[in-house]
Amino acid sequence: MAERVMTRGESIEYLLGRSQRRDDVFPIRREFIQSRVKREHGEPVTGPGPLSKLLRAPHALELLLLVYAVTTGADFGVTERSQLWGRAAGIYLLPDQKASIAVSRQWHHLEKLGLIERRQHGHLKRIVKRRECGRAGELTLPYTVPTGAKGDVYFRVPFAYWRDGWHQALQMPGKAVLLAAMSRRKETFTLPQDARGAQALGLGRHTVTRGIEELLGHKLLVKAGTEEVLNARTMRGFEWVHTYRLAAPFDLNLSKSEIERQKAEQLERFEQMLQRSTFGSQLGQPG
């Protein structure tokens, strides 16, 4: 009789369960999507973050997201067998030594990017996450819990990414644009598809276009309308672009200013409704 082996789903659920996150979400700094680079002369500019270097490494991205989800404190590290990581990331499902080789290649890629550090822990490797900005030259930064302050902006990713099967349903363009959209932290937002705008998102133009189409097809992204934006490269200096909003369960990231804006709009609608109600009552009173 063949011995039972944990499935990919069981492996993921085991890792998520050991995280002990009560709200079933985990944070990622925006700098993972977009980096801020200081020019030699002038203001900082926005460019691609480490995510752009993982677009051809889907298994490495899956491992990294699981590490982000699982590690919650102390040294922000986690120690598990390669076979478990391999099953969870969909790399190698059989319980043999080949899993160690396959998973090790992915860890090596993430370590070169400065996103993790491997430490010996008995016969196993402990995976310790580093700050999401990755490597700058030879420098990497230790991980700290993001504060949400200016320069330390983060967004939250729900465990539903795995539990609802989106880790398997989405291709890399869809995953990249989903992360980029969550990092916008607005109810409605634009996703520029020209080369310069896409680079500001930390992605390539074709990746953004394909990712948007994929998310629209899965109804995770919804067209909200159009917005006129500045574009000095056009003849009139402005252009109309689509605006989007994320659908549940990924519509959970709003900035403080966005929340205040929503509250102000709700209050304004309530006051208008109250005024109409009062005016209607006055009209109905006998003269």
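Helices here are DSSP runs of H or I with at least four residues, numbered from the N terminus. Helix H5 covers residues 160–163, and Tyr161 is placed in it. The model is a predicted one.

Start with the chain as a whole. The chain holds 10 helices and 10 strands. Of its 287 residues, 43% are buried. The exposed surface comes to about 16700 Å², and carbon and sulfur atoms supply 52% of that area.

Now return to Tyr161. Is Tyr161 buried or exposed? Tyr161 has a relative accessibility of 4%, and because buried means under 20%, Tyr161 counts as buried. Apart from its neighbours within four places in sequence, Tyr161 is in contact with Glu62, Leu65, Trp166, His167, Lys175 and Phe250. With one of these, Lys175, there is a polar contact between the two side chains, at 3.5 Å. Tyr161 and Lys175 are 14 residues apart along the chain, and their C-alpha atoms are separated by 9.8 Å.

Tyr161 also belongs to a group of rings. Ring pairs link Phe26, Phe159, Tyr161 and Trp162 into a cluster. Trp162 is buried, with a relative accessible area of 4%. Setting aside neighbours within four places in sequence, the residues in contact with Trp162 are Ile12, Leu16, Phe26, Glu62, Leu65, Leu66, Ala69 and His167.

Trp162 leads on to the nonpolar core. How many residues does the largest nonpolar core have? The count is 62, and Phe32, Leu54 and Trp162 are the residues with the most contacts inside this core. Helix H2, residues 58–70, gives the most to this core, with 10 residues.

Trp85 is buried, with a relative accessible area of 1%. Trp107 is buried too, at 4%. Another pair is made by Phe159 and Trp162; their ring centres are 6.5 Å apart and their planes are at 65 degrees, so this pair is edge-to-face. Phe159 is buried, with a relative accessible area of 1%.

Which charged side chain has its end over the ring of Tyr143, 4.1 Å from the centre? That side chain is Lys129. Arg29 also lies over the face of Tyr143, at 5.4 Å from the ring centre.

Next, consider a charged residue away from the helices. Glu80 is in the loop between strand E4 (77–79) and H3. Glu80 has a relative accessible area of 13%, and since the limit for buried is under 20%, Glu80 is buried. What does the side chain of Glu80 meet at 2.3 Å? There, Glu80 makes a polar contact with the side chain of Arg18. A further polar contact, at 3.2 Å, joins the side chains of Glu80 and Tyr14. Beyond neighbours within four places in sequence, Glu80 is in contact with Tyr14, Leu15, Arg18, Trp85, Leu124 and Lys125.

In the loop between helix H1 (8–19) and strand E1 (25–29) lies Gln20. The phi angle of Gln20 is near 60 degrees, a positive value in a residue other than glycine. Gln20 has a relative accessible area of 70%, and because exposed means over 50%, Gln20 is exposed. Arg185 lies in the loop between helix H7 (172–184) and strand E8 (189–190), and its phi is also positive, near 60 degrees. Pro249 is found in the loop between strand E10 (238–246) and helix H10 (256–284). A cis peptide bond joins Ala248 to Pro249, with omega about 10 degrees.

Conventions. Residues are numbered from 1 along each chain as its sequence is written. This is a predicted model: local features need pLDDT of at least 70, side-chain atom pairs count only at pLDDT 80 or more; totals for chains, interfaces and linings use all residues. Side-chain values use heavy atoms; hydrogens and water are left out. A nonpolar core is a set of buried Ala, Val, Leu, Ile, Met, Phe, Trp, Tyr and Cys residues joined through side-chain atoms within 4.5 Å. Buried means under 20% relative accessible area, exposed over 50%, partly exposed in between (1.4 Å probe, protein chains only). Helices (H or I, at least four residues) and strands (E, at least two) are DSSP runs, numbered from the N terminus. Contact means heavy atoms within 4.5 Å. Rings of Phe, Tyr and Trp (its six-membered ring) pair if their centres lie within 6.5 Å; planes under 30 degrees apart count as stacked, over 60 as edge-to-face and the rest as tilted. A charge sits over a ring if NZ of Lys or CZ of Arg is within 6 Å of the ring centre and within 35 degrees of the ring normal. Accessible areas come from the Shrake-Rupley method with a 1.4 Å probe; for residues, only the protein chains shown count as cover. A polar contact is a pair of N or O atoms within 3.5 Å; within protein, one must be able to donate a hydrogen and the other to accept it, and residues adjacent in sequence count only if both atoms are side-chain atoms.
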